[in-house]
Amino acid sequence: MRKQKQKKSKGEPKCGPEEESHTCCGCRFPLLFAFLQLALGTAVTVLGFLMAGISSSLPVRDTPYWAGILVCVVSLVGFVMLCTSYQPEEKTCLQFTVKLMYFILSALALVACVLAVAFATHHYVQMTKFTCDSLLESCHCKLDTEDPLGRTFVYQDAADCGSLTSMLSLYLLLQMGLNLAAALVCLAACFVVWKHRYQVFYVGVRFHPLAAAEGQQQKA
């Protein structure tokens, strides 16, 4: 009986490096990153629209809902990649296409989030030096009140400059933190795709079947 059990245990297939590479922290690879990207992208998008509602004159670069929407799209592609069944010898074109889209979109989202952090940081630094006055249902802010030719920043539909600057500063800080976190997640996703998934595709799909066919021909 013991010998039979040992034979059965030896005959059972073991998970190879290709199957293990499809898991991360006990779950399939894109699940963790897709959830994080969806949560962070949704938060950045909602916060960007809230910032746009504070003042109608805020430029698009200072309300980075565009970065959040892109991160949400990347997360959806990650869920599609998760639902795509892994078959070493069939339907590899679909798997490769989805994986390549996820990698490219993650790289674009990384760039967008870094730009959003840069714009939010620049605007926040400027707001710390503003001197603001209310005028005609709008808030007029200057960096240097003694310079008559200095640039004036006008925030429309904001009569209370105190509440505007405090709320906008808080939103900018949140945008910096959320976009930085989203950028790190997208960077980690790109790294994992390149190091594990991308290499598994070429090594496990294109070369191994050829090697197996040659081995069968030699045995024959």
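Reply: Gladly! Let's start with pairing: two strands pair if DSSP finds at least two bridges between them. Keep in mind that this is a predicted model.

Me: What makes β3 and β4 a pair?

Reply: Strand β3 (residues 131-134) and strand β4 (residues 138-142) are joined over four bridges, in the antiparallel sense. The cut-off is at least two bridges, so the two strands count as paired. One of the residues involved is Ser134, whose bridge partner in β4 is Cys139. Three residues lie between the strands of this hairpin, where Leu136 has a positive phi near 55°.

Me: Why is Phe49 called partly exposed?

Reply: Its relative accessible area is 46%. Buried means under 20% and exposed means over 50%, so Phe49, in between, is partly exposed.

Me: How do you know which parts the predictor is confident about?

Reply: pLDDT gives that confidence on a scale from 0 to 100. The chain averages 76, and 68% of the residues score at least 70. Among the elements, helix α4 (residues 65-83) has the highest mean pLDDT, 91, while helix α2 (residues 17-20) has the lowest, 45.

Me: Which stretches have pLDDT under 50?

Reply: Residues 1-21 stay under 50, with six contacts beyond four places in sequence. Residues 200-213 are also below 50, and this stretch has 20 contacts beyond near neighbours in sequence.

Technical notes. Residues are numbered from 1 along each chain as its sequence is written. This is a predicted model: local features need pLDDT of at least 70, side-chain atom pairs count only at pLDDT 80 or more; totals for chains, interfaces and linings use all residues. Side-chain values use heavy atoms; hydrogens and water are left out. Contact means heavy atoms within 4.5 Å. Buried means under 20% relative accessible area, exposed over 50%, partly exposed in between (1.4 Å probe, protein chains only).
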